[in-house]
Amino acid sequence: MSAPPKKRTVVESGDGGLGLGIAAFIANGEDLGPIIRHSFESGKPEALMHNLRGIVKKKEVEIEELCRLHYEDFIVAVDELRGVLVDAEELKGMLSGENSYLQEASTSLLLKLDELLELYSVKKNVGEAITTLKICVKVFSLCMTCNNFVVEAKFHPALKTLDLIQKGYLQSIPLKLLKKVVARQIPLIKLHIEKKVCSEFNDWLVHIRRMAKQIGQVSISQASLARQKDEEMRARQREAEGHSHAGPDEHLYSLNLENTEEESALDFDLTPVYRAHHMHICLGIGEKFRDYYYKNRLMQLNLDMQISTSQPFLESHQPFLAQVAGFFIVEERVLRTADGLLYESQVESTWETAIAKITSILEEQFARMRTASHFLLIKDYVTLLGAAVNKYGYQIKQLIEVLEKSRDKYHQLLLLECRKQIDDILTNDSYEQMVIKKEYEYNMNVTAFHLEHDDGIPDFPYVAPFSSSVPEVCRIVRSFIEDSVSYLSYGGLMNIYDVVKLFLDRLLIEVLNDSLLNMIYARSLAMSQMMQLAGNISVLEQACDMYLLHSAHLCGIPKRVAERSHSGLTARAVLKASQNAVYNSLINLANFKVDEFMVLLENVDWITEEAPDDANDYMNEVLIYLETLVSTAQEILPLEALYKVVSGAMSHISDSIMTTLLNDGVKRFTVNAVLGLDIDLKLLEAFAEEKFDSTGLSDLGKETTFRDCLVEIRQLVNLLLSSQPENFMNPVIRQRNYGSLDYKKLSIICDKYKDSADSLFGSLSNRNVKQNARKKSMDVLKRRLKDFS
């Protein structure tokens, strides 16, 4: 009995701290895991086991002590439990009887309940089946509706139906197979719809590319019609301004109500585009279609921008430009009506690319052009293209700039063509006065160019003061003005009048005047032809005013404004100078012809012993020629030109006689020869006076008459026939009677002068006292002239 306590005392004293700790943990209901783990990890599990056993024994002692203290209470409790067990057995018997009774009573009811439950189950299954069938029937109905829409190409309701199936019924379809089939077919149907609308859109792309040229042509035609209306309105306005000085005219300002309605919109169908765009938006791939549309249209434009190399640009430019115009008209309509299919930046970028390509093509083609009319045709169509697309908001600045750059090239070609035409006209002209037999010919050749100041109709046949080349040249100049205005119109210039005038000056100076000078200096024209050429130049110089007025009229400048303008054509002064050139040529021709007759002076007997009764032969020929010259010039030349030519001929005759006397061909001459010259001069002077008066030159107040042109030879003859030739040395007399004579020339001629011819018995013959005195006076003059020289 004492051994265990000792043992326990030992244990407790040996490792009491660990045992107390374990006991505290157990009493507090704490986890012993950490202590056990620590004991095993520290390698001392025996101590732990020993303490645990001690605790167990201690607890057993406590239990024994508790049972000993409550022993009686346990006995009472056991007795009570035995009474309860008896009552429970009785209750169990009663319950068993009642259960048997209930089992017997509820058997029929359970059978009916089973039937009822079975019926409830059937009802539930039928309801579920009906619900399933309703869903399936609805799905099938929607699928059939969708199929019908697809077959009828009603893609929008078809997509709506698909959307309804997908969002409203697909997840609720009870049949997995049906659900799988429907789920698989929905994207396929959408893909089919996408392909279908894309196919329709692709067909539209092909169709609209074919239609683009027609669309562009219609739009350009409308621009041309608008331009024509604008020109007609401006013409009426100019006419009204021209008549404003006469008061208002109700007819000139009447409003023309015809064709005031706007042109109907260009008819082309964009339904496939709208449909395809809307379907792609509904499919959730709108951006994909925008990209597809833009890329395909760009490819079409690139194809349209390739010009044909198999035909000249003159033939292909209209379809080419019309195609481009149609393309961008369609794009503008799509931009405006297709609800975001195109962005404005895309259209602007495409237009800038296209316009850069067009300007490059135009610059290249213009550089190759060799015909001005072709140049003008293309330019007109380009400006119409600009007007057509500008109406839709496209910028055409680059088009205008390329036309401005080509302005000089066009006018250069036009000048070359005019030069060829004018050269041909001047070369083929007969230079005979134009005979007009009919009134329409007069209106066409004279009135149309204001070549006559008299507005009345003359009697026919009418002899014009010009040859046939004048109206032909006027037509060329007028055509040049019209072509120049046509090119410069509808461009970037606001005031084209100054530019037209500049190029008109170039035509008249560089082309017309040069051609006239070539004809003058070619020396291929006879005297009468040269006179007619001079008359033509005079008429052409006066026509410069008409050219200016015509230019101003075409440029929209009122006539009264143009007439008040002080800036005329430089060409007028140049043509005036060319008139002087042709007058000089006429003078040279006349002098050359006179020289042919003056050669006959060599046949004059300068030492004749007899005084002549008649004029020398050369003078008769000269007078006949001068008569012809004056009569021809009087018909053709203006008085100023007539005066210059005849004065030149008279002066040349005088110079020719003086030159003959000065030349070595005349060794000496007698007074009888001088008397012959005196007769010649008198005839010539009489002719000069008569013609000066009959031609009307005397009314012009000229200081020098035709007779004054003979003053040098006349003073020489007078001096040689004078009784006192030595009076020449008297300054007063010399100034009054011999002012045109030169000392040196007179000295040479006087050395050759003899009073009479030497004869075999000349020294023995009786001399007249007067002759002797004149001879002495002449000798004195000779000596004094030698001394002076």
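## Charges over rings

A charge sits over a ring if NZ of Lys or CZ of Arg is within 6 Å of the ring centre and within 35 degrees of the ring normal. With that in hand, let's look at this predicted model. Arg 734 lies over the face of Phe 728, and the distance to the ring centre is 5.7 Å.

A lysine gives another example. The charged end of Lys 379 is placed over the ring of Tyr 487, 5.6 Å from the centre of that ring.

## Aromatic pairs and a cluster

Staying with the rings, a search of the whole structure turns up 22 aromatic pairs. Take Phe 366 and Phe 375: their ring centres are 4.3 Å apart and their planes meet at 15°, so this pair is stacked. The cut-off behind that step is a plane angle under 30 degrees. Both Phe 366 and Phe 375 are buried.

Aromatic residues also gather in a group. One cluster is formed by Phe 201, Trp 204, Phe 289, Tyr 292 and Tyr 293.

## Two helices side by side

Now for some helix packing. Two packed helices are described by the angle between their axes and the distance between the axes. Helix H8 covers residues 286–304 and helix H10 covers residues 344–368; their axes come within 12 Å and cross at roughly 15°. That angle makes H8 roughly parallel to H10, because angles under 35 degrees count as such. The crossing of H8 past H10 is right-handed.

## An enclosed helix

How much of H22 is buried? The count is 17 of the 24 residues, so H22 is largely enclosed by the rest of the structure.

## Positive phi in two loops

Asp 339 is not a glycine, yet its phi is positive, near 55°. Asp 339 belongs to the loop between helix H9 (313–337) and H10. Its relative accessibility is 68%, so Asp 339 counts as exposed, the threshold being over 50%.

Tyr 431 likewise has a positive phi near 55° in a residue other than glycine. Its loop runs between helix H13 (407–428) and strand E1 (435–436). Is Tyr 431 buried or exposed? At 3% relative accessibility, Tyr 431 counts as buried, because the limit for that label is under 20%.

Methods. Residues are numbered from 1 along each chain as its sequence is written. This is a predicted model: local features need pLDDT of at least 70, side-chain atom pairs count only at pLDDT 80 or more; totals for chains, interfaces and linings use all residues. Side-chain values use heavy atoms; hydrogens and water are left out. Buried means under 20% relative accessible area, exposed over 50%, partly exposed in between (1.4 Å probe, protein chains only). Helices (H or I, at least four residues) and strands (E, at least two) are DSSP runs, numbered from the N terminus. Rings of Phe, Tyr and Trp (its six-membered ring) pair if their centres lie within 6.5 Å; planes under 30 degrees apart count as stacked, over 60 as edge-to-face and the rest as tilted. Axes are lines fitted to C-alpha atoms, for helices over the stretch in contact, and angles run from 0 to 180 degrees between N-to-C directions. Angles under 35 degrees count as roughly parallel, over 145 as roughly antiparallel, 65 to 115 as roughly perpendicular and the rest as oblique. A crossing is left-handed if the near helix is turned anticlockwise from the far one by less than a right angle, and right-handed if clockwise.
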